Amino acid sequence: MNGDILEALAIELASERLQDEGIEAARNACVAGASIAAAAITAAAYYDNPLTGIVALAACMVQLGDVPLDAESWARRCARCPTAELPFAPGFGYVTLDRAAAVADAAARLLERARPERALPRLGFWLEQRQTLSAALGPLNAAGLAALVFLDREVPSLTAQRWFMARRIEVAMAEAELARAGGLGDFPFFSERHHYEGRTPSLRTLDLVRLMREVGLD
Amino acid sequence: LIDGGSIDAGSIDGGSTPASAGLQRAPELRVSAGIAHLGRQIIVHGLDLHHDCPGMSFVHYLLFCVTGRWFDERRARVFEQLWVASAYPDARIWCNRIAGYMGSARVDPGFSMSAALAASNSQAYGFRAVSRAYEVVSEVPEELGEREAWLSRQLEARRVLYGYGRPLHDLDERIPAALQALVDAGMRAGPALGRAFWLHRALGERKGKSMNIAAVWAAIAIDFGVARHEFDGFMLLMFAPGYAAVHADQSRRAPMSFLFGHQTRPRAPDASPAGAPPSEG
């Protein structure tokens, strides 16, 4: 039963609409021709992050594990993660509007899939109270989506973290392979808008001809 | 353990004699790089770390650790300058950009460094290309008369000559900095560097292409007696200050503000890497 809903969650997490900065970082890792091992390492590092990665996932599961299904309780419990430097609700926020909409769509599909069993109560509650909870906590992100499913299906935290990390790495490697196949020609490389905010020293040059002469290369 | 000594195979597997039958012997590490007698003495390739090595620069010490050989101060200083001259803290560079994403997401700096380093192990740019440049430079014949024929063979075979290929007018700014390092150390170009520049000139005449810094690094390493596998192991951390700078910069900024929402999708029209979302219902 969990296998079925987790498989559906895996498909949702693999969707293009839920690709985030970790996936983009993995593309960077391979675009110049590195092995997909570089993508796996990059994704593993990225999804250890405390904002949208497994740290947030685990924190979200702790925060919402025993909270009654009412918006005020959720808002009170999640208003600030006690283990984070930043005031944010783990599982919420740090997501673009498009991606937040994709998370909501994914939540609706997952709930629909589980509805005969009515077995995703937290996810269902979040969907019901989406406007209120988003205003209080920020939009649900992919880690939050996964956390609610894991809580609803009583997946242990360590298993949940491992599962989430593995799925993100899988997508990252696939995307990185595509980026590598496309090559640097299809990738921004010194071409982005860029604004340096620091001090600029005066321009000095080294005289290559003189240096070549000095080391005996003339 | 360091001095070695012979152990017969039967004693290694621990199960071939009646006395040891059924017993699992502790595994044995055989090493030559060094050993830490904690609280007493740390030995690195036969030197006492805390007495013989404190005056070394980090790059010098790393070179010593990788090769097991002592390089004189001047050569170590040249490498030091090459490294400093090559660690660019520009977030647009692909491996640095990874560090930027990591800093922005508040990823642990150690993981960030690992990811950026892994990404640097790439073929188009990065350490695999640098290693291939070593191969190219080391193959250029010493005899001047043989070089033209060698180059013709490479070009006929359409071989990618790593270390070369920049447009002729587009000087790699690290090359004069590398030569300055030699000048500062009071050193002349060695024969490999001479061959590397010969190839630079020859490709400029034939193809309008010039060398990049990888050819210079490789040539200097060859001239200094660093073998290719040592070169591969030694050079890995040279970009690390760039990674660290970008990570630190983005760590100080608003979380997730680095290229937030930006997605590059160089995908084929029908590519769907891990499945599409299920249809509604």
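What percentage of the 281 residues of chain B count as buried? The figure is 44%. This is a predicted model, and the points below walk through parts of chains A and B.

1. Chain B overall. Chain B holds 13 helices and five strands. Take the contacts in chain B between residues at least 6 apart in sequence: 68% of them join residues at least 24 apart.

2. A three-stranded sheet in chain B. The strands run in the order E1-E2-E3, the sheet is open, and the pairing is antiparallel. E1 and strand E3 (47–48) of chain B are the edge strands, since each pairs on one side only.

3. Strand E1 (residues 34–37) and strand E2 (residues 41–44) of chain B are antiparallel partners, joined over four bridges. Gly34(B) is opposite Val44(B) of E2(B). Ala36(B) has Ile42(B) as its bridge partner in E2(B). Three residues separate E1(B) from E2(B) in this hairpin. In the turn, Gly39(B) has a positive phi of about 80 degrees. On side chains, a general point applies: in a regular strand they alternate between the two faces of the sheet.

4. Two residues of chain B deserve a look here. Arg158(B) has a phi near 55 degrees, and this residue is not a glycine. Arg158(B) sits in the loop between H8 and strand E4 (164–167) of chain B. Met256(B) also is not a glycine, and its phi is positive at about 65 degrees. Met256(B) belongs to the segment after helix H13 (240–251) of chain B. Are these residues buried or exposed? Arg158(B) counts as exposed because its relative accessibility is 74%, over the 50% cut-off. Met256(B) is buried because its relative accessible area is 4%, under the 20% cut-off.

5. A helix pair across the two chains. Helix H3 (residues 36–46) of chain A packs with helix H5 (residues 94–104) of chain B. Two packed helices are described by the angle between their axes and the distance between the axes. For H3(A) and H5(B), the angle is about 20 degrees and the axes are 10 Å apart. The two helices are therefore roughly parallel to each other, as the angle falls under the 35 degrees cut-off. The crossing of H3(A) past H5(B) is right-handed.

6. Residues at that crossing. Which residues of H3(A) meet H5(B)? They are Thr42(A), Ala45(A) and Tyr46(A). On the H5(B) side, the partners are Ile98(B), Tyr101(B) and Met102(B). Sorted by class, this contact has five nonpolar residues, one polar residue and no charged residues.

7. A covered helix in chain A. How many of the eleven residues of helix H2 (residues 21–31) of chain A are buried? The count is eleven, and the helix is mostly covered. Among the buried residues are Glu21(A), Glu24(A) and Arg27(A), along with Ile23(A), Cys30(A) and Val31(A). The cover comes from both chains. From chain A it includes H3, helix H6 (97–114) and helix H10 (157–182). From chain B it includes H5 and helix H6 (109–120).

8. His262(B) lies in the segment after H13 of chain B. This histidine is partly exposed because its relative accessible area is 30%, between the 20% and 50% cut-offs. Neighbours within four places in sequence aside, His262(B) is in contact with Glu21(A), Glu24(A) and Pro188(A), and with Tyr101(B). Glu21(A) and Glu24(A) are buried residues of H2(A), and Tyr101(B) is one of the H5(B) residues that meet H3(A).

9. Asp152(A). This aspartate is in helix H9 (residues 142–152) of chain A. Asp152(A) is buried because its relative accessible area is 11%, under the 20% cut-off. Neighbours within four places in sequence aside, Asp152(A) is in contact with Ala119(A), Leu120(A), Pro121(A), Arg122(A) and Leu123(A).

10. Ala149(B). Helix H8 (residues 144–156) of chain B contains Ala149(B). Ala149(B) is partly exposed because its relative accessible area is 38%, between the 20% and 50% cut-offs. How far apart in space are Ala149(B) and Leu179(B)? The two are 28 Å apart, C-alpha to C-alpha, and 30 residues apart in sequence.

Definitions and conventions:
Residues numbered from 1 in each chain as written. Chains lettered and ligands numbered in written order. Predicted model: local features only at pLDDT ≥ 70, side-chain atom pairs only at ≥ 80, totals over all residues. Heavy atoms only, no water. Buried < 20%, exposed > 50% of the residue type's maximum accessible area, 1.4 Å probe, protein only. Axes fitted to C-alpha atoms, helices over the stretch in contact; angles between N-to-C directions. Parallel < 35°, antiparallel > 145°, perpendicular 65-115°, else oblique. Left-handed = near helix turned anticlockwise from the far one by under 90°. Contact = heavy atoms within 4.5 Å. Nonpolar A, V, L, I, M, F, W, Y, C, P; charged D, E, K, R; others polar. Pairing = 2+ DSSP bridges.
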